[in-house]
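Please keep the sequence and the 3D view open while reading.

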Amino acid sequence: MPPRMDRAAQRAALLKLGSAVADEMRAGHNGETAGAVGDALAAMPQATLEIVGLIGREARRRRPDAHLVAALAFMCGQALETLRYGVERQDPDASAMLDAVRGRLVREARSDQADPAVLMLLTKQFAVAKLDIGEELRGAMGDMLDEQSDEAAEDGTGDLDMERHLVELAHELGDDAFAIHGELAETASSFPVDHRLAMASFMLASESDPVRDAALGWLFDPEPGVAPALCQSLSEEAAVGRLGGTTLRRLVAVRNWLPAAARPGVDAAVRAARRKGAEPTPLSPPVVEDLRISGFDGSGAASVFALVRTGKRHAVASVLFKLGHGVRDAWVHRNMTRTDARAQLDRVAGEIDLVPVSPATLRLLLAHMLSLNVEGVPPPFGALDAVEALGLGTVNPEAARPEDVVASALGEADGEAEDADVLADAASWPARYGFMGSWFEDDAAVDEALLGRKGLSKVRRVDLVLDRVVAPRRRRWGEMLAWMALITADADAREEATRFALAAAALLGERPAAEVPLLRAIADGTVEARRLRRG
C-alpha cells in the first residue's frame, strides 16, 4: 500500500501533478503523466475533495489557466472512478468520501458565489466515472439551471441560443448523433428528470437532422420515467412527418432493449411514422476485418474490439460487457484511415490479451448482456452505434443459461474427460492465463469473513474465504469460464475449449467446493490480494 501524506503535502502534490498534465494538454497530447494519474491518486485518500477545491480556486482567479482547470477536471474524473471501484467493493471509506464530495458540491451550488460553469464541469466528471451525483445535488443543479433559464427568457434569447449551440455542437462532432448525445448526456445527467426531458423535446424540435437523431439517446436514460415520456414526443413528431428514416430504423432496432413500459410508446411512434410514409433507412453493410475480445477479468468485465471498413473509411468499435450488469459502455471511432485504425487496435492488443471471436458468439453474448440491461439499467446509446458499425442487425435480449453455453462449447466433445486431471490442472490457470490473473474476490464480504482472525494460518484463512465467500458465488465464476470456453472454441483451440467447458461445468455443478481446485485457487488469490491491499 502506498505511503499516505498530510493534506498540505497532498494538495501541493496534486497541484504539481495537475500542472504537469496541463503542460501535456498544451502540447496537444496526453503523455506519461496523464497515464500515471490513477496510480498517483492511490496515495492520496482525500484526493477528490482536494481536487474540487483546487478547481474552484483556479477558476476564481482573475485569469484562470484553462488548461490547468481541464487537467484538474480530468484528475477529478480519475479520482471519482477510483471511488466507484471502492463503492462497488462495498468499501465504507469510499462511500463516505463520495458522500463528502457530493455534500461539498451541494453547498457550492447553494452558495451566492456559485459558478455554474465550474459546477457543471465537476458534475460532468460523475457521468464520466459512471457515478450518480445524488438527488440533493441534482436538485440544486436544477434550481441553478432554472435561474439561468429565467434570465435567458427575459432577454428573449434562450431558445435561439440553445438551437445555435446544438447546431454548432453537431458540426463540431461531425454530425454524429451518438457523439452529440454523449456530449450532452454527460452534462445533462447532473439535472433533474424534467430538465432532461425538456432537453430531449427541444432536440426533437430542432431543424438539424443529426440533433433530432441524437434525441433518441434519451430513451436510454436510467430514470424509468424518461423513455415513456420521450416516446410521446416521438409520436407527436411522427404524426407531423418529422420522424426520419434513420430514427425509425433505430427505434425498431432498440424496441426490445427498453423497459416494458416504454415499448407501447415505441410501437405507437413507429406506426405514426409509417402512416406518414416513413420507411427505415437501410444501412450500408460494413466489412468487419478484425473482431476480438478480452477474457473476463475478476470483476466480470470483458471488452470487444473490432476493426471495421465502411466504404473507403475505417472505424474501431468497442463494447464493454459486465456480468450482472450487461452492456456498460460502447463506442465507435469513425472516419479513420486503415493505418490509424489498425494502430489503435494494436495499441489495445499490446495492453490486454485479445482473442478472436465469431460474430455468432458475439451476438449470443450481446443478447445475453442486453437481457441483463432490461432487468436493470438500460445500455448506453453507444451500444446501438456499435451494433450498427459491426453490421449485427437486430439483436434482441435473450438470456443464456451457463449450462447451455457449456454444452455449446463442448459440441461433440466427450464429457467423460471430466476427471481429476482436468480439475487439478485448473488450479494453475490463474497463474497461466492473463485474464485470470484478477480472478479473486475483493469486497467487504472478504473482510467480514476474516474479521478478528489475525492468528489463523494462511491455509485456514483460505478455507474460510472458500466456504463463506467464493463457494456461494461459484455460479458467477462458472458463467465466466463457460463464456471463455465458447470464445476459445471460436479460435479453433478445441482441446483448451473443452478443458475450460469441463471446469466450468464443475463450477456450476453440485460437487463440493473443496473438491473443485479452481475454486480453492480463487480463494487463495483472494487472501493474497487482501494481504497486498492491506499492506
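The text below takes up the domains, the nonpolar cores, some paired strands, one threonine and several salt bridges.

## Domains

The model is predicted. Its chain is divided into four parts: domain 1 covers 7-154, domain 2 covers 157-276, domain 3 covers 287-394 and domain 4 covers 403-534.

To the contact, domain 2 gives 18 residues and domain 3 gives 13 residues. About 1400 Å² of area is buried between domain 2 and domain 3, and carbon and sulfur atoms give 74% of that area.

In soluble globular proteins, nonpolar side chains tend to be buried together. The largest nonpolar core here has 117 residues, and the members that touch the most other members are Trp218, Leu219 and Leu481. Helix H24 (residues 474-490) gives the largest share of this core, nine residues.

Leucine 219 shows what such contacts look like. Leaving aside residues up to four places away in sequence, leucine 219 touches Ala227, Leu230, Cys231, Leu234, Leu251 and Leu258.

Strand E1 (residues 287-294) pairs with strand E2 (residues 301-310) through six bridges, and the two are antiparallel. Within this pairing, leucine 291 has alanine 306 of E2 as its bridge partner. The hairpin of E1 and E2 has six residues between the strands, and glycine 300 takes a positive phi near 90° there.

E1 is also joined to strand E5 (residues 354-356), again in the antiparallel sense, by three bridges. In this case serine 294 is opposite leucine 354 of E5.

## A buried threonine

Threonine 247 belongs to helix H14 (residues 245-254). Is threonine 247 buried or exposed? Its relative accessibility is 5%, so threonine 247 counts as buried, the limit for buried being under 20%. When residues up to four places away in sequence are not counted, threonine 247 touches Arg212, Asp213 and Leu216.

## Salt bridges

How many salt bridges does a search of the whole structure find? The search finds 43.

| Pair | N to O distance |
|---|---|
| Glutamate 186 and lysine 124 | 3.8 Å |
| Arginine 138 and glutamate 135 | 2.7 Å |
| Glutamate 528 and arginine 531 | 2.6 Å |

Glutamate 186 and lysine 124 form a salt bridge. Glutamate 186 lies in helix H10 (residues 177-188) and lysine 124 in helix H7 (residues 116-128), so this pair ties together parts that are 62 residues apart in sequence. Glutamate 186 is partly exposed, at 26% relative accessible area, whereas lysine 124 is buried, at 18%.

Arginine 138 and glutamate 135 are three residues apart in helix H8 (residues 135-155), so about one helical turn separates them. Arginine 138 counts as buried because its relative accessibility is 8%. Glutamate 135, at 60% relative accessibility, counts as exposed.

Glutamate 528 and arginine 531 are both in helix H26 (residues 517-534), where they stand three residues apart, about one turn of the helix. Glutamate 528 has a relative accessibility of 27% and counts as partly exposed. Arginine 531, at 46% relative accessibility, also counts as partly exposed.

Salt bridges can also share partners. One network of this kind joins Glu81, Arg84, Glu88, Lys322 and Arg328.

Methods
Residues are numbered from 1 along each chain as its sequence is written. This is a predicted model: local features need pLDDT of at least 70, side-chain atom pairs count only at pLDDT 80 or more; totals for chains, interfaces and linings use all residues. Side-chain values use heavy atoms; hydrogens and water are left out. Two strands pair if DSSP finds at least two bridges between them. Helices (H or I, at least four residues) and strands (E, at least two) are DSSP runs, numbered from the N terminus. Buried means under 20% relative accessible area, exposed over 50%, partly exposed in between (1.4 Å probe, protein chains only). Contact means heavy atoms within 4.5 Å. A salt bridge is a side-chain nitrogen of Lys or Arg within 4 Å of a carboxyl oxygen of Asp or Glu. A nonpolar core is a set of buried Ala, Val, Leu, Ile, Met, Phe, Trp, Tyr and Cys residues joined through side-chain atoms within 4.5 Å. Domain bounds come from an automatic or database domain assignment. Buried area is the accessible area (1.4 Å probe) that two parts lose on being put together, summed over both.
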